[in-house]
Amino acid sequence: TSGSITDAIRALADSDDTLNKNIARIDEQVAIFREQLLAKFQALEAALTRINVLLQSLDAQVQAQSNS
């Protein structure tokens, strides 16, 4: 009986180790994915800023032509 308990404890410890490795791997993947999303978001914000500058420039040109 004590052998069965010892075997069960070992099996649980092995399972725990495997699960902890899986958690660490998933955490790493999540961190990488987060960084990728942040980079894409920053690129999107930069593009929106450029678009807004362009729109303001076009609006100023339209206003200047309307006033002429």
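This passage describes the overall form, the surface and the side-chain contacts of one chain. The model is a predicted one, in which local features need pLDDT of at least 70 and side-chain atom pairs count only at pLDDT 80 or more, while totals for chains, interfaces and linings use all residues. Residues are numbered from 1 along each chain as its sequence is written, and side-chain values use heavy atoms, with hydrogens and water left out.

The chain has one helix and zero strands, where helices (H or I, at least four residues) and strands (E, at least two) are DSSP runs numbered from the N terminus. Helix α1 covers residues 2–67. The C-alpha atoms fill a box of roughly 100 × 10 × 5 Å along the principal axes. The radius of gyration, taken over C-alpha atoms, is 29 Å, whereas a compact globule of 68 residues would have a value near 11 Å; the globule rule is 2.2 Å times the number of residues to the power 0.38.

Ser 4 and Gln 65 are 61 residues apart in sequence, and their C-alpha atoms are separated by 90 Å. For Gly 3 and Asn 22, 19 residues apart, the C-alpha separation is 28 Å. Both Gly 3 and Ser 4 lie in helix α1.

What share of the 68 residues counts as buried? The figure is 0%, with buried meaning under 20% relative accessible area, exposed over 50%, and partly exposed in between (1.4 Å probe, protein chains only). Ser 4, at 52% relative accessibility, counts as exposed, while Gly 3 is partly exposed at 35%. The accessible surface of the chain comes to about 6,100 Å², and 60% of that surface belongs to carbon and sulfur atoms. These areas come from the Shrake-Rupley method with a 1.4 Å probe; for residues, only the protein chains shown count as cover.

Part of this surface forms a nonpolar patch of about 660 Å², made by Phe 41, Leu 44, Leu 48, Ile 51, Leu 54, Leu 55 and Leu 58. Patches are made of residues with over 30% relative accessible area and no salt bridge, like charges being joined within 9 Å and nonpolar side chains (Val, Leu, Ile, Met, Phe, Trp, Tyr) within 5 Å. Leu 44 is partly exposed, with a relative accessible area of 48%, and Leu 58 is partly exposed at 41%. Leu 58, like Leu 44, is found in helix α1. The two leucines are 14 residues apart along the chain, with 21 Å between their C-alpha atoms.

Turning to charge, the chain carries 6 positive and 9 negative charges, and their mean positions are 4 Å apart. Lys and Arg count as positive and Asp and Glu as negative, with His and the chain ends not counted; the place of a charge is taken as NZ of Lys, CZ of Arg, CG of Asp or CD of Glu.

The count of salt bridges comes to two, each being a side-chain nitrogen of Lys or Arg within 4 Å of a carboxyl oxygen of Asp or Glu. In one, Arg 10 pairs with Asp 7, the closest N and O atoms being 3.9 Å apart. Arg 10 and Asp 7 are separated by about one helical turn, because they are three residues apart in helix α1. Arg 10 is exposed at 52% relative accessibility, whereas Asp 7 is partly exposed at 47%. A salt bridge also joins the side chains of Glu 35 and Arg 34, at 3.6 Å from N to O. Glu 35 counts as partly exposed, with 47% relative accessibility.
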